[in-house]
Amino acid sequence: MQKDRNRIERQLEVAKQNVLAFEKQLESAGVTGKQRSKDPKWRHLNGDYRQLRRRLLAVKAIEDREAAALQKKAEKLSAEAVEA
């Protein structure tokens with residue numbers, strides 16, 4: 001799962017840079033606030049960024065679940081070893 005996390009974090013950083021660069025471009029053109037949210041390219045770039053953030057949260061949830069499962073398994077094995 002670490003490989004997925006690294007890949008998604010790298011993609012997230014690139015997406016963030018793309019959004020910020022386009023926001024600067026819009027700002028220099030005089031587009032701000034609500035007008036920016038109406039721009040189709042900005043919406044697409046921002047959507048990609050939000051999607052990657054959600055994927056990273058999903059990866060974290062899976063990693064947490066797997067860590068909890070490994071901990072339970074280790075506790076179970078140690079309890080069995082103590083009984084024997």
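Helices (H or I, at least four residues) and strands (E, at least two) were taken as DSSP runs and numbered from the N terminus. The structure is a predicted model, in which local features require pLDDT of at least 70, side-chain atom pairs count only at pLDDT 80 or more, and totals for chains, interfaces and linings use all residues. Residues are numbered from 1 along each chain as its sequence is written, and side-chain values rest on heavy atoms, with hydrogens and water left out.

E23 is located in helix α1. Burial was assigned from relative accessible area, with buried meaning under 20%, exposed over 50%, and partly exposed in between (1.4 Å probe, protein chains only). E23 is classed as buried because its relative accessible area is 18%. When neighbours within four places in sequence are set aside, E23 is in contact with R36 and W42, contact being defined as heavy atoms within 4.5 Å.

Salt bridges were assigned where a side-chain nitrogen of Lys or Arg lies within 4 Å of a carboxyl oxygen of Asp or Glu. Six salt bridges are counted under this rule. One of them joins R7 to D4, with 3.2 Å between the closest N and O atoms. Both residues belong to helix α1 (residues 2-28), where R7 and D4 are three residues apart, about one turn of the helix. R7 is partly exposed, since its relative accessibility is 34%; D4 is likewise partly exposed, because its relative accessible area is 30%.

A further salt bridge connects the side chains of R5 and E63, at 2.9 Å from N to O. This pair links distant parts of the chain, with R5 in helix α1 and E63 in helix α3, 58 residues apart. R5 has a relative accessible area of 16% and is therefore buried.

Within helix α3, D64 and K60 are four residues apart and so are separated by about one helical turn. Their side chains meet in a salt bridge of 3.1 Å, N to O. D64 counts as partly exposed because its relative accessibility is 42%, and K60 counts as partly exposed because its value is 41%.

R43, R50, R53 and R54 form a positive surface patch. Patches consist of residues with over 30% relative accessible area and no salt bridge; like charges are joined within 9 Å, and nonpolar side chains (Val, Leu, Ile, Met, Phe, Trp, Tyr) within 5 Å. Lys and Arg count as positive and Asp and Glu as negative, while His and the chain ends are not counted. The place of a charge is taken as NZ of Lys, CZ of Arg, CG of Asp or CD of Glu. Accessible areas come from the Shrake-Rupley method with a 1.4 Å probe, and for residues only the protein chains shown count as cover.

K72 and K41 are 31 residues apart in sequence, and their C-alpha atoms are 47 Å apart in space. E75, another residue of helix α3, is partly exposed, given a relative accessible area of 45%. Between E75 and E9, which are 66 residues apart along the chain, the C-alpha separation is 32 Å.
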